[in-house]
Amino acid sequence: MSRQFEKVMKCYEYYQSVTAFKPRVGLILGSGLGNYARNMQVECEIPYGDIPGFPVSTVEGHDGRFLLGYIGTVPVVVMKGRVHYYEGYSIEDVVLPVRLMKLMGIEVLFLTNASGGINRSFHVGDFMMITDQISNFVPSPLIGENVAELGTRFPDMTHIYDVELMEVIRTTAEEEKIQIQEGVYVQSSGPNFESPAEIRMFAAIGADAVGMSTACEAITARHAGVRVCGISCISNMACGITGEELSHLDVQAVADKRSEEFERLVTKVIEKI
């Protein structure tokens, strides 16, 4: 048994001691979705700090607990607050929650985040369905001894974001009359916002939006055979696009403003999965 798998198994053993609930969908809440619990029937809450060896979020606006329950009739586990690489955790710890959710039983991972718009046709407040990603600017979560209990040494990433799930998002957005963009997400390490030159580089290599999470989580989920989909809320235009300085408070404010529509879209999609 690999060291990484041994660590996640200790977390899973604690989970089993608390509840027998088996979720089918995992949802990681980004900025603007902190109040998502009102859309679900919560059966159990597990603070991250109660789980042995589990990383705890330190970022303002990110709570730190698992919510287990139902969205409609779908059993889900919701991460209310994620852990970021820039908080000082190893990349292994950053993705440990994804591996734990796999052991809980999830078949689908729904990723959400607040991100900076690079594509100049985007506007602040837009939603972007993630169709692909660039993760080269943070370490791969699969570096080191392979967690063979969860996946192969060299997993294919042709379709990181599931084609069928993307179609569900498209049709749901259309039915709900919610405009949604599509594009490629790039993860940077943070915590500083990117420089104008870095944003120009990201645009040149094909990125439409940038953030400080998500891509490493998607890789980990695909490695473990979990289907992935994701939506970004464009909470600001990336550095150098408008000339304005960026702040985390502004990011939160825009994400909060679109939260009701974001929640509705996410809920309707999960009910269809």
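User: Where is Pro-191 found?

Analyst: In this predicted model, Pro-191 is in the loop between strand E7 (180-187) and helix H4 (196-204). The peptide bond that reaches Pro-191 from Gly-190 is cis, with omega near 5 degrees.

User: Why is Lys-177 called exposed?

Analyst: The relative accessibility of Lys-177 is 74%. Exposed means over 50%, so Lys-177 counts as exposed.

User: Thr-214 also has a positive phi. Is Thr-214 counted as buried or exposed, and why?

Analyst: Buried. Thr-214 has a relative accessibility of 0%, and the limit for buried is under 20%. The phi of Thr-214 is near 80 degrees, and Thr-214 is a residue other than glycine. Thr-214 belongs to the loop between strand E8 (209-211) and helix H5 (215-223).

User: Why is the contact between Lys-7 and Asp-93 called a salt bridge?

Analyst: The side chains meet with N and O 2.7 Å apart. A salt bridge needs a Lys or Arg side-chain nitrogen within 4 Å of a carboxyl oxygen of Asp or Glu, so this pair qualifies. Lys-7 is in helix H1 (residues 3-18) and Asp-93 is in helix H2 (residues 91-104), so the bridge ties together parts 86 residues apart in sequence.

User: How many salt bridges does the structure hold?

Analyst: There are 12. One further pair is Glu-45 with Arg-65, whose closest N and O atoms are 3.1 Å apart. Asp-162, Glu-164 and Arg-227 are linked in a network of salt bridges.

User: Why is Thr-172 called buried?

Analyst: Thr-172 has 1% relative accessibility, and buried means under 20%. Thr-172 lies in helix H3. Leaving aside neighbours within four places in sequence, Thr-172 is in contact with Leu-265, Lys-268, Val-269 and Lys-272.

User: What does Ala-173 touch, not counting residues up to four places away in sequence?

Analyst: Ala-173 touches Ile-178, Ile-180 and Leu-265. Ala-173 is found in helix H3 and counts as buried at 1% relative accessibility.

User: How do you know that the span of helix H7 agrees with its number of residues?

Analyst: Helix H7 has 14 residues (259-272), which at 1.5 Å a residue should span 20 Å. The C-alpha atoms at its ends are 20 Å apart, so the two values agree. The buried residues of H7 include Phe-262, Leu-265, Val-266, Val-269 and Ile-270.

User: Which residues touch the most other members of the largest nonpolar core?

Analyst: Phe-66, Leu-100, Met-101, Leu-109 and Ile-270 do, in a core of 84 residues. A second, separate core has five residues, among them Val-83, Ile-91, Val-94 and Cys-216.

User: Which residues make the nonpolar surface patch of about 250 Å²?

Analyst: Phe-137, Met-201 and Ile-205 make the patch. Patch residues need over 30% relative accessible area. Phe-137 has 34% relative accessibility, so Phe-137 counts as partly exposed. Phe-137 is in the loop between strand E6 (127-134) and helix H3 (163-175).

Note on methods. Residues numbered from 1 in each chain as written. Predicted model: local features only at pLDDT ≥ 70, side-chain atom pairs only at ≥ 80, totals over all residues. Heavy atoms only, no water. Helix = DSSP H or I, 4+ residues; strand = E, 2+ residues; numbered from the N terminus. Expected span 1.5 Å × (residues − 1). Buried < 20%, exposed > 50% of the residue type's maximum accessible area, 1.4 Å probe, protein only. Patch = residues over 30% accessible without salt bridge, like charges linked within 9 Å, V, L, I, M, F, W, Y side chains within 5 Å. Areas by Shrake-Rupley, 256 points an atom, 1.4 Å probe, with all protein chains shown as cover. Core = buried A, V, L, I, M, F, W, Y, C linked by side-chain atoms within 4.5 Å. Contact = heavy atoms within 4.5 Å.
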